[in-house]
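I am opening a notebook on a structure that is new to me. I will go entry by entry and write down what I look up.

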Amino acid sequence: MAKRPIEPLFWTLFSGGGVISAFFVPVLLFLIALAFPLRWIAPPSYEALHNLVSLPLSRLFLFVVCSLPLFHWAHRFRYTLYDGLQIKHLSEFINVLCYGGAIVGTVVSAYLLWNFH
Amino acid sequence: MNVPVSRSAPPHTPYHPRWYRTRVSTYWWMLQWSYFRFVLRELTSLGVAYSCVILLCWIRALSRGPEAYEVLEKRLASPVVILLTVISLLLVLFHTITWFRLSADAMVVRVGGKRVPGVLISASNYVAWLVVSGILAWLLLR
């Protein structure tokens, strides 16, 4: 039997993650990691944010926003290492590092959001 | 290939074709602006990964309680983290721009048998991006 190539799956995750990163990540990073901590904008109260993230729909959204872009990173960074540094002979190590990292991140986000309280 | 060798075959060396490949410098991508931009576009993935990690820390702190959240806010306001965040934000924005430009080439949308020009697809992506960003900001700041 012919071996089923896994590449299309990774490419789909890459592409989906690319869309999610392009649309959602800039505003979230700007607000959460810059504007709120530096008080450029009056940040919402802890309770308000907590209530917002507690909603099942928010958690589902955050799960998608955390996990898919990680697979986007894994795919892109893998090829950057291959081509940029010309280290294709280390492919197995790089694959484990990149996709392993994405899988770990996905599991962590699922755990955090499932047990959010 | 298994070619039966007859005993009378004259002594010979098997033909080993070898590719002619010049060695490319490890720094090939620094030699030309377009190459550098390509690698920069690929490296935007690091900004994306950084954002995911920050988001996960944020969710964790929110889940742990107000004290943990305050600690996170302080860490996010430290100079090193601010620098990393600003670099990542620039990378992510570059990703958004290049992604929309790319999708204009990749997406073939036909209306009434005619292909919608790429500029329109990019433009509609930008509009959607602004709307989505506005909605997210409103939800967070409400």
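**Entry 1: a threonine in chain A**

I began with A:Thr80, which is buried, with a relative accessible area of 10%. I note that the model is a predicted one. A:Thr80 sits in helix 3 of chain A. I then asked what A:Thr80 is in contact with, leaving aside neighbours within four places in sequence. I found A:Leu85, B:Glu42 and B:Leu43.

**Entry 2: salt bridges**

B:Glu42 made me look up salt bridges. How many are there over all chains? The count comes to four.

I took B:Glu42 and A:Arg76 next. They form a salt bridge, and their closest N and O atoms are 3.6 Å apart. This pair crosses between chains, running from helix 1 of chain B to helix 3 of chain A. B:Glu42 counts as buried, because its relative accessibility is 10% and the cut-off is under 20%. A:Arg76 is buried too, with a relative accessible area of 3%.

B:Glu42 has another partner, B:Arg41, with the closest N and O atoms 2.9 Å apart. B:Arg41 is partly exposed, at a relative accessible area of 25%. I wrote down the network: A:Arg76, B:Arg41 and B:Glu42 are joined by salt bridges that share partners.

I moved to the salt bridge between A:Arg39 and B:Glu73. Their closest N and O atoms are 3.1 Å apart. B:Glu73 lies in helix 2 (residues 66-76) of chain B and A:Arg39 in the loop between helix 1 and helix 2 of chain A, so this pair joins two chains. B:Glu73 counts as buried, at 10% relative accessibility.

I also looked at the backbone of A:Arg39. Its phi is near 60°, a positive value in a residue other than glycine. I noted the background: most residues other than glycine have a negative phi.

**Entry 3: cysteines**

How many disulfides are there over all chains? I found zero. A:Cys66 is in none, and the nearest cysteine sulfur, that of B:Cys52, is 5.9 Å away. Are the two residues buried or exposed? A:Cys66 counts as buried, at 0% relative accessibility. B:Cys52 is buried as well, with a relative accessible area of 1%.

A:Cys66 came up again when I looked at A:Ser109. This serine lies in helix 4 (residues 91-114) of chain A and counts as buried, at 0% relative accessibility. Leaving aside neighbours within four places in sequence, A:Ser109 is in contact with A:Phe63, A:Cys66, A:Ser67 and B:Leu56.

**Entry 4: a helix in chain B**

I traced helix 3 of chain B, residues 79-106. It has 28 residues. From its first C-alpha to its last it reaches 40 Å, close to the 40 Å expected at 1.5 Å a residue. I listed some of its buried residues, among them B:Leu89, B:Val92, B:His95, B:Trp99 and B:Phe100.

What covers the buried residues of this helix? The cover includes helix 1 (7-35) and helix 3 (56-85) of chain A. From chain B it includes helix 1 (33-64), strand 2 (114-115) and helix 4 (118-141).

**Entry 5: a surface patch**

I finished on the surface. B:Val127 is in helix 4 of chain B. Together with B:Val131, B:Ile135, B:Trp138 and B:Leu139, B:Val127 forms a nonpolar patch with about 480 Å² of accessible area.

Technical notes:
Residues numbered from 1 in each chain as written. Chains lettered and ligands numbered in written order. Predicted model: local features only at pLDDT ≥ 70, side-chain atom pairs only at ≥ 80, totals over all residues. Heavy atoms only, no water. Helix = DSSP H or I, 4+ residues; strand = E, 2+ residues; numbered from the N terminus. Expected span 1.5 Å × (residues − 1). Buried < 20%, exposed > 50% of the residue type's maximum accessible area, 1.4 Å probe, protein only. Contact = heavy atoms within 4.5 Å. Patch = residues over 30% accessible without salt bridge, like charges linked within 9 Å, V, L, I, M, F, W, Y side chains within 5 Å. Areas by Shrake-Rupley, 256 points an atom, 1.4 Å probe, with all protein chains shown as cover. Salt bridge = Lys/Arg side-chain N within 4 Å of Asp/Glu carboxyl O. Disulfide = S-S within 2.5 Å.
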